[in-house]
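Welcome! Have a look at it below, and then we will walk through a few of its features together.

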Amino acid sequence: MSDTRLIRTFLEPKHTSLAERAGGLALGEIAKRPEPADDAAGRSEARALLVLLGAGGWLQPILDLDLRGCCLMREALAEASPLADAVFALQGLGTTPMLLGGSPAQKDRWLGPIAQGKVMTAFAMTEPGAGSDVARIGTTARREGSGYVLDGVKTLISNAGIADLYVVFASTDPGKGSKGISCFLVPADAPGFRFVRPQVLSAPHPLGEIAFENCRIPVDALLGTEGRGYGLGLAALDRLRPSVAAAACGMAARALAESLAHVKQRQQFGKPLAEFQLVQQKLARMATDLTAARLLTYRAAYEKDQGQERITSEAAMAKSFATEMAQRTVDDAVQLIGGRGVLADHPVDRLYRAIRALRIYEGTTEIQQLIIAGELLK
């Protein structure tokens, strides 16, 4: 469990308590669950984890828009199970646009079941031709009668095929580019909605492609007003980006812990690996980088929770530094542990497969660096 003393400047007493309880959940329940053997098992396990998190009230920081609470949850969960972290993260990403721009009726209908883990959400933005360049979204939504009709394809969508509610970004006025993008709440049983296929990752994570084929939804499925979708999507990503950094810190902390345990007991050339200076150098760098990443992460979350409207630069710095740090740290852990570290059932091998995606989703490292530079040059 990560030490909150290192980040206490950014926390309130309620956060310290949450961190302790979340650590107990992660070590006492989550870490003991078996690793899913394949994609089908991963999808089933994701639903089971959502039920567990909902029943225990662990999703409440999402509903409270408590970013530090979300970061603490993701850090604890990611240290024990990247899949459990993903379940929490997607519940946050699929809920935040509604929290920021939903009507009272939309919130009344959906937020209770979401918090209880009875409704799984998904964030459907990425398309075959629109990744980092969100303005190129090709899915359309046209007004027809008393509702909208959606047409298009979304790809690389987490929780595709198992979500109950999709937050979908579609163009209501293609001629306006990003200013013509709107956001909709689309239930999985909407007529014309189709789960096309799973997209299987090397680490357990429900991912897939979905399609809208003359998909009909009522007018009250629109979040906010037409043309507000792009802003809602970016605001949600901006708000939650530090939590990606927190997850990376959790994975790095696990890699460091596994490394420390190994080098203390593993004997080579008549002494423990821990006594070799090159090993000590790696450990020192891992610990220093992790501490720096956590400070960047909770600094960004603190600023948002204190009411700062945008944390664009702070979030980008935290996300880019922490995810790159975690990749290096997990790689160093594999190197220190050696052959055992590349066996499929070893924790650091599972981390090695899981960490890579964090450098891509919710804005690649390169996009974060462009964001940081753009803020500097304003």
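## An exposed ring and its partner

Let us start with Phe 269, which counts as exposed because its relative accessibility is 77% and the cut-off for exposed is over 50%. Please keep in mind that this is a predicted model.

Phe 269 forms an aromatic pair with Phe 276. A pair of aromatic rings is described by the distance of the centres and the angle of the planes. Here the centres are 6.5 Å apart and the planes stand at 75°, an edge-to-face arrangement. Phe 276 has a relative accessibility of 24%, so this residue counts as partly exposed.

## Other aromatic rings

How many aromatic pairs are there? The count comes to six. Elsewhere, Tyr 166, Phe 193 and Phe 212 are linked by ring pairs into a cluster.

Tyr 148 has a charge over its ring too: Arg 143 lies over the face, at 5.3 Å from the ring centre.

## Helix α7

Now follow helix α7, which runs over residues 229–265 and has 37 residues. From its first C-alpha to its last, α7 reaches 54 Å, close to the 54 Å expected at 1.5 Å a residue.

Where does α7 have a kink? Look at Leu 240, where the kink is about 40°, shortly before the proline Pro 242. Is α7 mostly covered or mostly uncovered? The helix is mostly covered, with 26 of its 37 residues buried.

How values were computed:
Residues numbered from 1 in each chain as written. Predicted model: local features only at pLDDT ≥ 70, side-chain atom pairs only at ≥ 80, totals over all residues. Heavy atoms only, no water. Phe/Tyr/Trp six-rings, centres within 6.5 Å; stacked < 30°, edge-to-face > 60°. Buried < 20%, exposed > 50% of the residue type's maximum accessible area, 1.4 Å probe, protein only. Lys NZ or Arg CZ within 6 Å of the ring centre and 35° of its normal. Helix = DSSP H or I, 4+ residues; strand = E, 2+ residues; numbered from the N terminus. Expected span 1.5 Å × (residues − 1). Bend = angle between axes of the 7 residues up to and from the residue.
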